[in-house]
Amino acid sequence: MKKVNPFKEEDAVEVDGTFKELKALNSKPYNKETADPYTKVRVILMNGTEFESNWFLHQFNRHCNNNELRREIAAVRRHEQQQQKIISSLRPLDETDLETTISYEQLAVDLTAILARHVKDENVKNALNFALLEDFDHLYRFSNLLEMEEGKSAKDIVGKYTEIMPGRPTIAEHRHPYDSINKFICNMLSDPFTRLTTHIITAAEQQTMNYYMNVANLHKSEMGRKLYSEIAMIEEQHVTEYGSLIDTNCTWLEGWVMHEYTECYLYYSCYNDEPDKDIKAIYGALYKEECGHLKKAAEMLEKHEGKNWKCLFPDGGDFPELLKFEGNIEYIRDVIAKTVLLTKDKENYKEASKMSEKSDYKKYNGKVCKNANTVPSHEVMANYIKRNGEDFRFETSQHPIEELRNRKEDNTTLAR
Ligand SMILES: [Fe+2]
Ligand SMILES: [Fe+2]
Ligand SMILES: [Fe+2]
Ligand SMILES: [Fe+2]
């Protein structure tokens with residue numbers, strides 16, 4: 001594969017004077033019936049990446065005492081905002097919030113699995129495999145809500161790529177905040193794919209958290225509102241777990257370069273992965289804009305801190321292998337079989353059944369999930385099973401965990 005280096009992109013679009021006319025911010029949405037499931041997933045991923053860039057640059061603005069630099073930050077951020085509108089308007093009007101939610105959790109499942117399969121750093125890999133089983137379970141719970149409320153099969157949304165069945169039951173996922181902090185990586189000692197992984201997964205999970213925080217009170221049913229609220233609490237844990245992997249020793253300007261590099265990598269990956277011609281063209285164009293942002297951020301790093309971008313990329317800045325969406329059914333089954341019983345004990349992973357009653361996990365989980373019957377992620381299943389006799393799921397073969405095979409009863413004790 002030919003090496004691609006965004007620092008050396010000849011067609012990089014200069015930041016100055018490239019604002020688009022407002023009418024160009026509304027894209028032609030995909031057709032929800034015919035679009036590939038991963039086309040929807042990529043739109044969510046890039047929307048979340050733009051959100052992260054936007055908020056990172058707002059926070060930077062609020063922590064910077066140099067107005068000359070703050071003007072440059074404002075100019076790039078305005079650009080990020082234009083890009084975010086172009087991406088988010090790809091979602092069609094007739095896609096319901098709950099249908100979009102299925103794609104959010106499919107992104108969480110398959111993106112996490114792909115990154116976990118490819119990343120070399122054990123600390124990062126463990127964090128991914130751990131939360132993977134939780135988003136996998138969310139997909140199952142939301143799919144049952146979708147069938148119950150809108151009569152739609154989530155299988156038609158995820159396609160043949162992703163199974164829909166219980167993972168680590170959501171009721172078991174509620175952990176003390178102290179257990180959500182992970183060891184942070186050191187960029188200098190990490191390979192480029194590891195560095196990118198920490199930024200990509202944090203932005204994606206943060207997008208899911210924000211989405212649930214916003215749609216929970218807009219949802220039309222009491223059951224749905226409660227389920228969104230509960231799962232939003234788990235996404236807060238995921239964002240903390242993943243965000244705490246990012247190298248904390250970066251300065252704001254170094255962090256800016258890392259953000260732009262991540263955007264370049266993702267747009268270039270999506271450009272190569274996207275079958276829809278119109279959307280592919282958008283990714284290609286935005287990649288070149290991101291190369292312009294990267295150039296600007298590197299220039300600011302040099303000007304204000306006297307550092308060359310190469311000190312952040314001692315390996316030269318070529319992209320590592322690109323991100324490519326594909327199904328992960330066998331991989332996920334294997335992770336379930338080996339790790340479904342785990343919980344966290346500070347930075348470590350332990351079987352929940354081996355934790356003492358005095359542990360932070362047991363105390364917190366026992367408190368927030370005091371009565372299993374009133375925990376929404378269980379209630380939604382109990383309601384569904386009561387109406388339909390058995391749950392909704394899509395399995396390609398028998399579930400790897402015996403306790404999660406019973407379709408007539410939702411298990412509330414496993415992994416707690
Ligand atoms: Fe951007
Ligand atoms: Fe999730
Ligand atoms: Fe998540
Ligand atoms: Fe950017």
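User: How many helices and strands are there in the chain?
Analyst: This is a predicted model, in which local features need pLDDT of at least 70, side-chain atom pairs count only at pLDDT 80 or more, and totals for chains, interfaces and linings use all residues. Residues are numbered from 1 along each chain as its sequence is written, and chains are lettered from A and ligands numbered from 1 in the order in which they are written. Helices (H or I, at least four residues) and strands (E, at least two) are DSSP runs, numbered from the N terminus. The chain has 12 helices and 2 strands.

User: What is the radius of gyration of the chain?
Analyst: The radius of gyration is taken over C-alpha atoms, and the globule rule is 2.2 Å times the number of residues to the power 0.38. For 416 residues the rule gives 22 Å. The chain comes close to that, so it is as compact as a globular protein of that length: its radius of gyration is 21 Å.

User: How far apart are the end C-alpha atoms of helix H2 (residues 67-88)?
Analyst: The expected span of a helix is 1.5 Å times one less than its number of residues. H2 has 22 residues, so it should span 32 Å. The model agrees: the end C-alpha atoms are 31 Å apart.

User: Which helices do the buried residues of H2 pack against?
Analyst: A residue is buried if 20 or more other C-beta atoms lie within 10 Å of its own, exposed if 12 or fewer, and partly exposed in between; C-beta atoms are placed from the backbone. In H2 the buried residues include Ile 73, Val 76 and Ile 87. Contact means that the C-beta atoms of two residues, placed from the backbone, lie within 7 Å. The partners are helix H1 (37-62) and helix H9 (277-305).

User: Is Lys 346 buried, exposed or partly exposed?
Analyst: Lys 346 lies in the loop between strand E1 (342-345) and strand E2 (348-351). Its phi is near 55°, a positive value in a residue other than glycine. It has 13 other C-beta atoms within 10 Å, so Lys 346 is partly exposed.

User: Is Ala 415 buried or exposed?
Analyst: Ala 415 lies in the segment after helix H12 (376-388). Its phi is near 65°, again positive in a residue other than glycine. With 23 C-beta neighbours inside 10 Å, Ala 415 counts as buried.
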